[in-house]
Amino acid sequence: MTTNKAHNDSVNPNSDAAAAEDPAHSKGGVYSTAGKEYKRDTRYINDRITKDAREVGEGIKTWPVEPGRYRLVAARACPWAHRTLIVRRLLGLEDVISVGIPGPVHDARSWTFDKGPGGRDEVLGYERLQEAYLKRFPDYTRGITVPAVVEIASGEVVTNDFPWITLDFETEWKEFHREGAPDLYPEELREEMDPLMHYIYTEINNGVYRCGFAGSQEIYEAAYDRLFNALDKISERLETRRYLVGDHITEADIRLYTTLIRFDAVYHNHFKCNRNKISEMPVLYNYLRDLFQTPGFGDTTDFVDIKRHYYEVHRDINPLGIVPKGPDFAGLLEPHGREKLGGTPFGNGTAPAAVNPDPVEEGHRIEDLLAN
């Protein structure tokens with residue numbers, strides 16, 4: 001079992017280490033600073049939910065795995081939150097951990113539950129996710145991020161440490177996985193997976209943001225070169241294998257997917273990652289098609305929320321908040337030909353139910369977009 005050493009940037013938000021923050025980023029819509037490289041604040045609430053609340057490391061509070069106790073708050077717009085929605089669906093945890101879906105647009109205060117009845121989350125009763133953070137930490141001053149896990153009875157946030165949320169879904173909640181659930185974090189592959197996932201995070205997941213929020217031309221160009229160097233390396237890896245590690249989908253593929261699926265719609269234009277679209281990189285595009293057409297991926301993807309979030313929220317790089325009408329997503333449904341490389345999506349497991357019990361809202365699904 002991996003330890004929190006892999007994610008030791010997470011700290012208690014009330015500690016001294018959590019106090020430093022770029023004051024410019026506390027203003028709504030401001031994500032870049034002139035002359036500075038973008039650096040993501042990775043100091044999260046590092047509590048974890050483990051079987052029997054077992055200890056996992058010094059200074060880390062653990063909460064017990066318990067069906068019905070927690071609510072996952074995950075905006076479909078956010079790539080980090082999207083991971084949790086995919087994993088939850090693939091493992092069949094929908095009846096075990098409920099989900100609250102905020103709208104795509106937020107301000108400096110936090111994500112809002114404008115999709116819920118009366119503009120509130122139907123279970124927590126909150127208007128803003130901020131309320132769950134302040135319920136537990138009244139003096140909380142850091143960003144209110146998704147995904148977050150909230151204890152329903154107390155209304156308090158438990159954790160927003162997104163890398164561990166999915167890993168714990170996969171390992172600590174095994175007793176409640178659906179029959180036939182795939183092993184998304186196989187123990188025998190972790191030695192290969194962990195450094196690869198770290199590389200994907202630093203170079204690609206965060207690499208697009210490094211381009212988009214660069215504070216100078218020089219910083220931007222260095223970030224741009226670094227990003228596409230990584231995409232080329234991953235493309236080369238996928239030329240001879242259907243999935244990133246092993247012969248079926250793992251957490252590594254999920255982490256890459258949530259960036260690739262946003263690339264042509266957002267990052268290529270909005271973040272100036274414009275050497276190529278993913279649709280112009282054949283290996284990556286066929287890999288993306290393969291995943292998108294797999295239950296759990298395309299049916300948790302909301303292109304409307306994705307585009308609205310980036311283009312409306314990041315007013316420092318898109319002042320008028322105009323959302324592009326395109327691109328055309330039809331190509332995602334075309335044949336990908338990746339079967340010839342071997343492997344199957346779920347290995348010895350089975351696909352989740354054909355119908356997503358927490359579907360993307362009407363009008364936001366790819367079939368709706370193509371019909372219009």
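## Close-up views of the predicted model

View 1. Residues are numbered from 1 along each chain as its sequence is written, and side-chain values use heavy atoms, with hydrogens and water left out. The strand that holds T50 is β1, residues 48-50. Strands (E, at least two residues) and helices (H or I, at least four) are DSSP runs, numbered from the N terminus. So who surrounds T50? Skipping its neighbours within four places in sequence, T50 is in contact with V56, T62, W63, P64, V65 and E172, where contact means heavy atoms within 4.5 Å.

**View 2. Helix α4 crosses helix α6.** Here α4 covers residues 190-205 and α6 covers residues 217-238. Their axes come within 9 Å and cross at roughly 145°; each axis is a line fitted to C-alpha atoms, for helices over the stretch in contact, and the angle, from 0 to 180 degrees, is taken between N-to-C directions. The crossing of these two is left-handed, a label used if the near helix is turned anticlockwise from the far one by less than a right angle (clockwise would be right-handed). On the α4 side you'll find E192, L196, Y199, I200, T202, E203 and I204, and they meet R226, L227, A230, L231, K233, I234 and R237 of α6. Sorted by type, the residues of this contact split into 8 nonpolar, 1 polar and 5 charged. For that sorting, Ala, Val, Leu, Ile, Met, Phe, Trp, Tyr, Cys and Pro are nonpolar, Asp, Glu, Lys and Arg are charged, and the others, Gly among them, are polar.

**View 3. D121 and R71 form a salt bridge.** Their closest N and O atoms are 3.0 Å apart. The partners come from distant parts of the chain, 50 residues apart: D121 is in the loop between β4 (98-100) and α2 (130-136), and R71 is in strand β3 (residues 70-73). Both D121 and R71 are buried. To count as a salt bridge, a side-chain nitrogen of Lys or Arg must be within 4 Å of a carboxyl oxygen of Asp or Glu. Searching the whole structure turns up 24 of them, and one network of salt bridges links E37, K39 and R210.

**View 4. R89 reaches D299 through a salt bridge.** The N to O distance is 2.7 Å. This pair is 210 residues apart in the chain, with R89 in helix α1 (residues 79-91) and D299 in the loop between α8 (282-292) and α9 (303-313). Buried or partly exposed? R89 is buried because its relative accessible area is 2%, whereas D299, at 24%, is partly exposed.

**View 5. Helix α9 is mostly covered.** Of its 11 residues, 9 are buried, among them F303, I306, H309 and Y311. What covers these buried residues? The cover includes α1, α5 (207-212), α7 (251-270), α8 and α10 (366-371). D302 caps the N-terminal end of α9, with a side-chain oxygen 3.1 Å from the backbone nitrogen of V304. R308 and E312 are 4 residues apart in α9, so about one helical turn separates them. R308 is partly exposed at 33% relative accessibility, while E312 is one of the buried residues.

**View 6. Helix α3 is buried.** This helix, residues 162-171, has 10 of its 10 residues buried. W164, F169 and E170 are among them.

View 7. E334 is partly exposed, as its relative accessibility is 41%. Setting aside neighbours within four places in sequence, E334 is in contact with R289 and Q293. The C-alpha atoms of E334 and R289 are 7.3 Å apart, even though 45 residues lie along the chain from one to the other.

View 8. G125 is partly exposed, with a relative accessible area of 35%. How far is its C-alpha atom from that of L256? The two C-alpha atoms are separated by 33 Å, and the residues are 131 apart along the chain.

Note on methods
Predicted model: local features only at pLDDT ≥ 70, side-chain atom pairs only at ≥ 80, totals over all residues. Buried < 20%, exposed > 50% of the residue type's maximum accessible area, 1.4 Å probe, protein only. Polar contact = N/O pair within 3.5 Å; in protein donor to acceptor, adjacent residues only side chain to side chain.
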